[in-house]
Amino acid sequence: MTDIIIVGAGTAGLTAAIYAQRAGKSVMLFEGTAVGGQIINTPDVENYPGIAHTSGFEFANALFEQAKSFGAEIRYEAVKEIRDEGAVKKVLTGSGEYEAKAVILATGAKNRPLGLAREQDLIGHGISYCATCDGMFYRGKDVAVAGGGNTALEDALFLTNFCRHVYLIHRRDAFRGDEKNVSLLKAKENVEFVLNANVTSILGDDKVEGVEVTDKFSGEKRELPVSGFFIAVGQMPANEAFSGIVTLDDKGYISAGESCETGTAGIFTAGDCRTKEVRQLTTAASDGAVAALAAAKYVESLAE
Amino acid sequence: MALIKLTSDNFEQEVKNSSEPVLIDFWASWCGPCKMLSPVVEAIAEEVTDFKVASCNVDDEMDLAGEFGVQSIPTLVVIKDGKEVNRSVGVIPKEQILSLVRG
């Protein structure tokens, strides 16, 4: 039986794999989509201590190689269910059933949709959640970005480099993102801030031809003619499958404090999927270490 | 089967006139998610015998990407008898990729 099964191979899960293996525990890592987690969408990482600059992909790849170098077994299977049978945790995927003494849930978070009609249908036809992936397809064109955090600001900045005009739509008048990003954007000539406004409709039939925004105060509607619409309005967790074995908070995050203990013996959580204030690379890595060492300690307690 | 590097030159032969279904992975070197998906697509190429797997770099093959109306990457497209039958945008798990082709 594997000592520790880690669900999710983002920054938290991969860090947990490193720490658990260095604590002498066997590790199996499950990833439903792609290794690396959300950071792979970030072109420039400049706030990880000790690394002045790297790309999200390079960071994730280095972390993955590091986790593998200690012998972690990675399985590209989405975990559908976990059964808590006390000293044994059964992990069920679409194609198999695995057993471990402890489990670390590091399921991360996924892009939050705006919830507009036809938003899902138009993904790949003008709607995008990844400016660094899709920005190049809009070279010389007019685009809009929705959101007020660093992702939205960085997406808008990235797009100004080759798009003709970039609208940045935010429902408030102040941004949550770094002041540095805001001032960099203000210095750009091809950016237009559309503040205190909500996107109320996506225009166009088979592809995006514009967005309709509504002023929060006046209710006045305005149509912005864009061929690309980049949505960066934050993340949401994906923990529904585990609501039976751990407690979720009202937003769907796994309830656990800084100890990364879920309240269910032998089940730990790490990273963005956990209830917390700050969701950053550093805090994901930190959680990975804390959860792995707690899980290792738990596994040792079973043997006593 | 080995992964096919798709270009405008071999498109007709490898995809258009292929008797087997073809899975095409549209990607670029600057796209993080694409680079994470590529190893999965490569693994599928090595494993399967019932369909072909091709990879298309959108920077090198802008015309092909344009013909397919690719505006977001990674995009996976399935071709059967020369016609598009299925498409998926973004990173998806291996089993989902397989069912994209096999139904």
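Student: Which residue stands opposite L76(B) in strand 5 of chain B?
Tutor: S88(B) in strand 5 of chain B stands opposite L76(B). This is a predicted model, in which local features need pLDDT of at least 70 and side-chain atom pairs count only at pLDDT 80 or more, while totals for chains, interfaces and linings use all residues. Residues are numbered from 1 along each chain as its sequence is written, and chains are lettered from A and ligands numbered from 1 in the order in which they are written.

Student: What makes strand 4 and strand 5 of chain B a pair?
Tutor: Strands are DSSP runs of E with at least two residues, and helices are runs of H or I with at least four, numbered from the N terminus. Two strands pair if DSSP finds at least two bridges between them. Strand 4 and strand 5 (residues 83–89) of chain B have six bridges and run antiparallel, so by that rule they pair. On strand 2 (residues 22–27) of chain B, strand 4 of chain B has another antiparallel partner, with five bridges. There V22(B) is the bridge partner of I79(B).

Student: Why is strand 4 of chain B called largely enclosed?
Tutor: A residue is buried if 20 or more other C-beta atoms, placed from the backbone, lie within 10 Å of its own, exposed if 12 or fewer, and partly exposed in between. Five of the six residues of strand 4 (residues 75–80) of chain B are buried, so the rest of the structure largely encloses this strand.

Student: What makes the peptide bond between I73(B) and P74(B) cis?
Tutor: The bond joining I73(B) and P74(B) is cis, with omega about 0°. P74(B) belongs to the loop between helix 3 (62–67) and strand 4 of chain B.

Student: Why do strand 8 and strand 11 of chain A count as edges of their sheet?
Tutor: The sheet is open, with five parallel-paired strands in the order 8-15-9-10-11 (chain A). Strand 8 (127–128) and strand 11 (191–194) of chain A each have a single partner strand, so one side of each lacks a neighbour in the sheet.

Student: Which residues make up the contact between the chains, and how many come from each?
Tutor: Residues are in contact if their C-beta atoms, placed from the backbone, lie within 7 Å. Chain B gives 18 residues and chain A gives 23 residues. Helix 2 (32–47) and helix 4 (94–102) of chain B each give two or more residues to the side of chain B that touches chain A, and helix 2 of chain B gives the most, with seven residues.

Notes
Two residues are in contact if their C-beta atoms, placed from the backbone, lie within 7 Å.
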